[in-house]
Structures are given as C-alpha cells and as structure tokens.
Amino acid sequence: MSSNIIANWSYPTSVKLGRGRITELADACKSLGIKKPLLVTDRGLASMAITKTALDILEDAGLGRAIFADVDPNPNEKNLEAGVRAFKDGGHDGVVAFGGGSGLDLGKCVAFMAGQTRPVWDFEDIGDWWTRASLEGIAPIVAVPTTAGTGSEVGRASVITNSETHVKKIIFHPKFLPGVVISDPELTVGMPKIITAGTGMDAFAHCLEAYSSPFYHPMSAGIALEGMRLVKEFLPRAYREGTDLEARANMMSAAAMGAVAFQKGLGAIHALSHPIGAVYNTHHGMTNAVVMPAVLRFNRKAIEEKIGRAAAYLGIAGGFDGFYDYVLKLRSELGVPETLSAMGIAADRIDELSAMAIEDPSAGGNPVAMTLENTKALFRDCF
C-alpha cells in the first residue's frame, strides 16, 4: 500500500431500530413527502399479519392502502414491469419496500424505474452506467426489512434476474438508497428457522467477504469484523428461540452492517452463489453458507493472516484453522446442507456455472484471482 491513499466512500441513511417502531411508518413516509405510498412486498408476506399491520398504519394516517406483491423469490424484470405499472396506474408518489431481499430489492427498483424510459438493464452496475438515469420521477423509498440477512435496506443496488438468460444482474444507482429505514425486530419473530439460518448466514457471508476483500476500506473492514461478532453471538440464539428480541435486533444490525461493509467488495462465495440461485432458484443465503468452507480453503493462502486477526477478535482460538472449524460448527448447528449435492443440485452444469461465476461482479473482489479453470475446480469442491 503506497502512501498515496485515495478513496471514495459513501455511508448510509437514517435507520430507526427498535421493537415496535413500525408504528413510525406513516411519519417516515411523511418526512420524505410521500402522500400516496405503494407497499411492495413478496407473495409469501402479502397475507401475513405484519403486512396487514403496516397497511393499517398507512391507512389510518390517511396515506391509502395499496399493495403490490407479485414478486418472485428471485425478482425479475417481469415483476418489475408489473410493479412500475401498478405504481403509475395507482398515481403513487413513493414506495414502502417491505420484506426480505426480494421485496426490498424489487420495491427499490420500482421506485427508481418509475422515473426512467430506458430498460432496466441499461443501469447495470458497470462503470458509470448509473449516470444514464433521469433523476426526475425517481420516487422516495421507506425500507422495512422483515428478515435479517441481505441488508438491502441500506444498499444502493437491487439484484434483478433476467428471466430469459437466468443471469442475476446488479442494478445500481445512488437513489436506490432508502430515505428512511425502519428496523423493527418484532417483524422478524415469525421467520421460520430455515429462513433465520439462511438470512443470518447471508449477513455473515457479506461481512466475511468484505473483510477478506483486498481493497482498501478500513471503515468497512471494521464494520465487517463487528458484524461477524454479532452473528457469532446472536444468530444461534435467534435460531434456537425465535422470539428472542435482543438476538433478533442484533441480527438486524449485523445484516445492515454486512451490506454497508461490502462496499469494500465481495468474492467467490457470492460469485458462485449468484449463478446457482439464478439457475436453480435456491435460497441465496443458504447457498452462500453451503459454498463458504470450499471458498475459505480456496482463498487460504491470501487471507490466512487476516482471518487469524478476525479469529482473535471473535474469541476463536487457533487462527485460520480455528475460524474454519467454527464455520463448519455454525453450519451444522443451523442445519445447513454440507455440499451442493446435499442441497439437491446435480454436478452436470459446472462449466456453465463457472463461466457465469467469473463474469459476476463479485468475482473481482475475491482475494485469489478467479479463472475459468480454478473456478471449475472450486465448484467441483463444493459438490
């Protein structure tokens, strides 16, 4: 690292964390000038009590009662077009993005695309493509996470799957960043164990990969380290006892921290997980958890010393090996499948998945350069 340090940093937004704070939803909308919000969520959440409560709060405050929930687990451009249509037809002026990664990502993208005439793929996270956007007509966003994993509530991008090519694309613009976030741990209490595990491991993967990435971003590295500590302390508790609100609140913090930290970069865990999720429709966080040990082995020579420091901070003895053993133990505690085969995926498309992985934007942040050959070997190791 030369002494000529130059960096561009951007940090998040207004976050209101605490039990019962969903009651502040209408005030959050009004603070952004939203008079007629569209609540965007996924099909699974549409009929749940927490969603009805949010709609009641908006309606009681005179902000109407509008919901769009035609959202797939891996949202695609067709969901997006339908959402933008609902937004425009309803005469809405803001979005409440409500849910896990899929509801948050699609909600943010609806608010953004409401102001655009170009297709969504023109705003992929490549170079300065985001500058193509028209700023007029981008709607303000209130984000309400109901899981503790993606951290999309504090992110400036959405992951949208191309339904024709089955490739996940990262759509980026600074205006994707919600104006207000309401993180109410009571909304996450009803999460099934498998979702608590998968989303929690997603948060851990974000922190681990950001921390391991070779890029210079000490603020993110520090946040990633503390994020890992929160996961270590609180994810097993949230998994065992879903109503443990202290554990749930700390996992919401860890999820937001992971997403803030990965400004520093992601790596092979995500580069492998994105194509698997796009092709096989697997749960993103759970897929991250399945490939994590193989990626740690793959990156060992580049991150051994760094992971040793993390292990010491996390109170894990034995340096890299101790950390690696901890990850295996955590996975088994959370019921994570040991391999991709155990997840029900056949090893017959490794060439295709590897080609997609090395093109994934996350690949560039991996501590060991990913080539087609070593990525194929890494995929084989995951089976």
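Which side chain meets Lys-52 in a salt bridge? Select Asp-56: the two side chains pair at 3.2 Å, N to O. A salt bridge here is a side-chain nitrogen of Lys or Arg within 4 Å of a carboxyl oxygen of Asp or Glu.

Before moving on, note the ground rules. This is a predicted model, with local features needing pLDDT of at least 70 and side-chain atom pairs counting only at pLDDT 80 or more, while totals for chains, interfaces and linings use all residues. Numbering runs from 1 along each chain as its sequence is written, and side-chain values use heavy atoms, leaving out hydrogens and water.

**Stop 1: helix 3**

Show residues 49-60. Lys-52 and Asp-56 both sit in this helix, four residues apart, about one turn. Helices (H or I, at least four residues) and strands (E, at least two) are DSSP runs, numbered from the N terminus. Lys-52 is partly exposed at 49% relative accessibility. Asp-56 is also partly exposed, at 24%. The scale: buried is under 20% relative accessible area, exposed is over 50%, and partly exposed lies in between (1.4 Å probe, protein chains only).

**Stop 2: Asp-70 and Arg-43**

The structure holds 22 salt bridges. Select Asp-70 and Arg-43 for another of them, at 2.6 Å, N to O. Asp-70 is in the loop between strand 3 (67-68) and helix 4 (77-89), and Arg-43 is in helix 2 (residues 43-46), so the pair ties together parts 27 residues apart in sequence. Both ends are partly exposed: Asp-70 at 37% relative accessibility, Arg-43 at 43%.

**Stop 3: Arg-118 and a pocket**

Go to Arg-118. Its side chain meets that of Asp-122 in a salt bridge of 3.0 Å, N to O. Arg-118 is partly exposed, at 35% relative accessibility. Arg-118 also lines the second largest pocket, among others with Glu-77, Arg-85, Met-113 and Trp-121. The volume of this pocket is about 190 Å³. Helix 4 gives the most to its lining, with six residues. By class, the lining has six nonpolar, one polar and five charged residues.

Some terms for this stop and the next. On a 1 Å grid over the protein atoms alone, a cavity is a set of points where a 1.4 Å probe fits but cannot get out; a pocket is an open set with protein on both sides within 12 Å along at least five of seven lines; lining residues have an atom within 4 Å of a point. Grid points are joined across faces, edges and corners, and a volume is the space filled by probe spheres set on the points. Ala, Val, Leu, Ile, Met, Phe, Trp, Tyr, Cys and Pro count as nonpolar, Asp, Glu, Lys and Arg as charged, and the others, Gly among them, as polar.

**Stop 4: the cavities**

There are three cavities of 30 Å³ or more. Centre on Glu-209, Ser-212, Ile-269, Val-295 and Asn-299, the closest to its centre of the 14 lining residues. Helix 10 gives the most to this lining, with four residues. Its classes are eight nonpolar, five polar and one charged.

Finish at the second largest cavity, of about 40 Å³. Its lining includes Ala-148, Thr-199, Leu-235 and Arg-248. Helix 6 supplies the largest share, three residues. The lining has five nonpolar, three polar and one charged residues.
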